[in-house]
Amino acid sequence: MQTILVLTDFSDVALRAANYAIHLANQLHSKRIILLNAYQSPEPVSNIPVTPEIPVIQANPDELYKESTMQLDNLRSMLEPAAAGVTIDTMSDDDILEEAVKKLI
C-alpha cells in the first residue's frame, strides 16, 4: 500500500482516525497520506420568503475553502511529528464526499 486516504471533518473521531492512519502507514511502510476534507457550499437561495426574525445566511465559497485548508494545515502540523518518513498531503474539495473521493482515486 503506497498511499492512505484519510477523510476528515476535523472532529475528535476524525483526529483519532488520522493518528491511526499514521501508525498504520509506519507499519505498512506507506510513503504518503492524503488528508481529504470535502464540504459543500450552500446553493443560492431564491424564491424563499425571508423574515427579519430568520435571516438567510449565505456562506462564501472562498471563505469555506480557506477555512478547510487552514484546518487541514493545522491537522497536518499535529500529525507530522509522528509521521517520520511519511509525506502528508492535503486536499480540500467543494463537493459531495463520494464525488470528491471518486475524483481523487
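1. T8 is in contact (heavy atoms within 4.5 Å) with A14, L36, N37, L72 and L75, neighbours within four places in sequence being left aside. T8 sits in the loop between strand 1 and helix 1 (12–28). Helices (H or I, at least four residues) and strands (E, at least two) are DSSP runs, numbered from the N terminus.

2. The model is predicted: local features need pLDDT of at least 70, side-chain atom pairs count only at pLDDT 80 or more, and totals for chains, interfaces and linings use all residues. Residues are numbered from 1 along each chain as its sequence is written, and side-chain values use heavy atoms, with hydrogens and water left out.

3. Is T8 buried or exposed? T8 has 7% relative accessibility and therefore counts as buried, the term for under 20% relative accessible area (1.4 Å probe, protein chains only). A polar atom of the T8 side chain lies 3.0 Å from the backbone nitrogen of F10.

4. Three strands make up an open sheet, ordered 1-2-3, with parallel pairing; two strands pair if DSSP finds at least two bridges between them. Strand 1 (3–7) and strand 3 (87–94) each have a single partner strand, so one side of each lacks a neighbour in the sheet. On average, neighbouring strands of this sheet are turned by 20 degrees against each other, direction ignored.

5. Strand 2 (residues 32–39) and strand 3 run parallel and are joined by eight bridges. I33 has I88 in strand 3 as its bridge partner.

6. Helix 2 (residues 61–79) lies across strand 2 and strand 3, at about 160 degrees to strand 3. Such angles run from 0 to 180 degrees between N-to-C directions, with axes fitted to C-alpha atoms, for helices over the stretch in contact.

Technical notes:
Buried < 20%, exposed > 50% of the residue type's maximum accessible area, 1.4 Å probe, protein only. Polar contact = N/O pair within 3.5 Å; in protein donor to acceptor, adjacent residues only side chain to side chain.
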